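Let's take a walk through a protein model together. Have the sequence and the 3D view ready, and follow along one step at a time.

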Amino acid sequence: MSHAFVEVQQAAKRFPGATKTAPPLTVFENVSFQLQKGEFVCIIGHSGCGKSTIMNALAGLDQFSDGSMVMEGKEINGPGLERGVVFQNYSLLPWLTTLENVRFGVRARWKNWSEREVTEHSMKYLELVGLKEVVDRKPSQLSGGMRQRVSIARAFATKPKLLLLDEPFGALDALTRGVIQDELVKIWTQDQQTVFMITHDVDEAILLADRIFLMTNGPEARIAEAVEIDLPRPRNRAEIIKHPHFYTIRNYLVDFLVNRSGDLRVQENEPQGMRYPPSINPVNLDAAVDAPTHPPEATPAAGHEEKLVKFTPKEIRHG
Amino acid sequence: MDRTTTEWNFSLNVRASVLAVVLLVLGLGIWEGLNHVPLLTGGAGELSEYEQLMAGANETAKVPPPSEVLVRAWEELSNPFYDAGPNDKGIGIQLGYSLYRVLTGYLLAAAIAIPLGFLIGMSPLMYKALNPYIQVLRPISPLAWMPLALFIIQDSEASAIFVIFICSIWPMLLNTAFGVAGVREDWVNVARTHELSSLKTAFKVILPAAAPTILTGMRISIGIAWLVIVAAEMLVGGTGIGYYVWNEWNNLDLTSVIFSILMIGVVGMLLDMSLAYVTRFVTYAE
């Protein structure tokens, strides 16, 4: 295996200082990672660590100050249809109906398709996300959850090789989020696209991801670790929490975000040169290693609550 | 507007209509009462035309009462398109001339203002380069252009159209530029991630996104154009509703003056309503 599907090398983002003499502000530096084909990768980190910049750069909407991005041997240089994006604020075109919004993407992707083919293909994906009944409504007449489904349908319908999801469920309530996560898993299982997703929700990341990138706090952030999630697929929300490894992983992630993400930056002085984040499997770390708040593995019966490190996605955002 | 069918709103509409009618009757009544030409008393014989105009024996002149205006309106509107020579044309013909000038100048202005506004809205360079000229040219009263237009174009008809053109271009230009510049970055990003060409982005994303703002500019422009045509035609003369008003003043026919004022209002309202109607089709809720 010579080349990864997507390869990001030594990416950095800097902004000029407030004054001419002030040093530039480095948001992140020396960020290198690979995405394998068909892989679902989530990236977690506190606000301001540059997650969105990395995502926008992959989408071609933003640029790194340094570093390179290569996808299938070709440099990523500007936006392209082989990379689909789902934005947090849905970014639907409000003057178009639900169907027209999806058609917009499909039409752009396959320019020589007939009107009927475009409509049929769009309808197929709207059905997958359960919006068959509301295809003639405008986005303003849809709930937040429905809008995000349209956005997901639009992105998946164009069959991009790499799908970029920027906190797609950030603005949704927990119940809606759960339903759409299941739908996302369903479509992803069907199409086996490579997905790169930003999230603030640890449970969401565990449910969806093959690997989770953990970013240290900005400025001067970097990807500290790549946590492997080897829970069996297909996963669903109800079953996954019963898996014996679930809380080990979860607590490891939460511990990183709450206790370690701030210190890592200060403690470790990065050596120069390219370095991929070390792969970590929390389950294999074992209790013997420094598992700070790891509870011993237990049967997932009563008393989940006490074992959890107290944490909500909100804490990250305001942290 | 879904709630208009509720009983409360229905009764509001009814109450508003009743109040409007009451105000109309009251206003017309006062107008009629204050301005009625007193009946002749005694054997003074026939009044001269001057005395009639001056409201008979009364020292102060009276505005024609609404009853007279209504009679005149009926006469004029029952035969709006007669043409009995240069100084005696039906109200329909005069309004037709004015509308023709307004629409010609207005459409010419739209044909230039909307593409140019697009350019200014999309390019900060063009905006910065052209903005000083726009700021200087915009506050100029359109009628101030008239002498220059008459000299250069040497045709009163075309000069009137030019004046309409110059007065209606600015709101459309500025609103288009404003609307285009304000299109949400997210929507442009959607176009970019779908690899739309610049032309397709302009027509499929930016135009529909900016359309409500552009239409607002067009609506302001048509209002201004209709205001200005009356003054322009008073200057250039010959035909048109503005000329008609001034001509009837010269004829000392105040009844016709009042009638034509009302017609100017009605046509202006119809122009505005038609653009408001079009706006409904491009408006979107976010």
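**Starting from one leucine**

Find A:Leu253 first: setting aside its neighbours within four places in sequence, this residue is in contact with A:Ile44, A:Val202, A:Ile212 and A:Val227. Keep in mind that you are looking at a predicted model. Now widen the view to the largest nonpolar core, which has 137 residues. Among those with the most contacts inside this core are A:Leu253, A:Ile44 and A:Ile212, and also B:Val163 and B:Ile164 from chain B.

Next, look for the sheet in chain A. Seven strands make up this open sheet, in the order S6-S7-S8-S3-S9-S10-S11, with mixed pairing. Strands S6 (83-86) and S11 (279-280) of chain A are at the edges with a single partner strand each, so one side of each has no neighbour in the sheet. Strand S3 (residues 40-44) of chain A runs parallel to strand S8 (residues 194-198) of chain A, and four bridges join them. To see one of these pairings, go to A:Phe40, whose bridge partner in S8(A) is A:Val195.

How is chain A divided into domains? Domain 1 covers 6-78 + 163-176 + 197-318, and domain 2 covers 83-159. Where they meet, 14 residues of domain 1 of chain A are in contact with 11 residues of domain 2 of chain A. On the domain 1 side, S7(A) gives the most, with four residues. The residues of that side divide into nine nonpolar, three polar and two charged.

Finally, turn to the two chains: 16 residues of chain A are in contact with 14 residues of chain B. The chain A side of this contact has 10 nonpolar, five polar and one charged residues.

Key
Residues are numbered from 1 along each chain as its sequence is written. Chains are lettered from A and ligands numbered from 1 in the order in which they are written. This is a predicted model: local features need pLDDT of at least 70, side-chain atom pairs count only at pLDDT 80 or more; totals for chains, interfaces and linings use all residues. Two strands pair if DSSP finds at least two bridges between them. Helices (H or I, at least four residues) and strands (E, at least two) are DSSP runs, numbered from the N terminus. Two residues are in contact if their C-beta atoms, placed from the backbone, lie within 7 Å. Ala, Val, Leu, Ile, Met, Phe, Trp, Tyr, Cys and Pro count as nonpolar, Asp, Glu, Lys and Arg as charged, and the others, Gly among them, as polar. A nonpolar core is a set of buried Ala, Val, Leu, Ile, Met, Phe, Trp, Tyr and Cys residues joined through C-beta atoms within 7 Å. A residue is buried if 20 or more other C-beta atoms lie within 10 Å of its own, exposed if 12 or fewer, and partly exposed in between; C-beta atoms are placed from the backbone. Domain bounds come from an automatic or database domain assignment.
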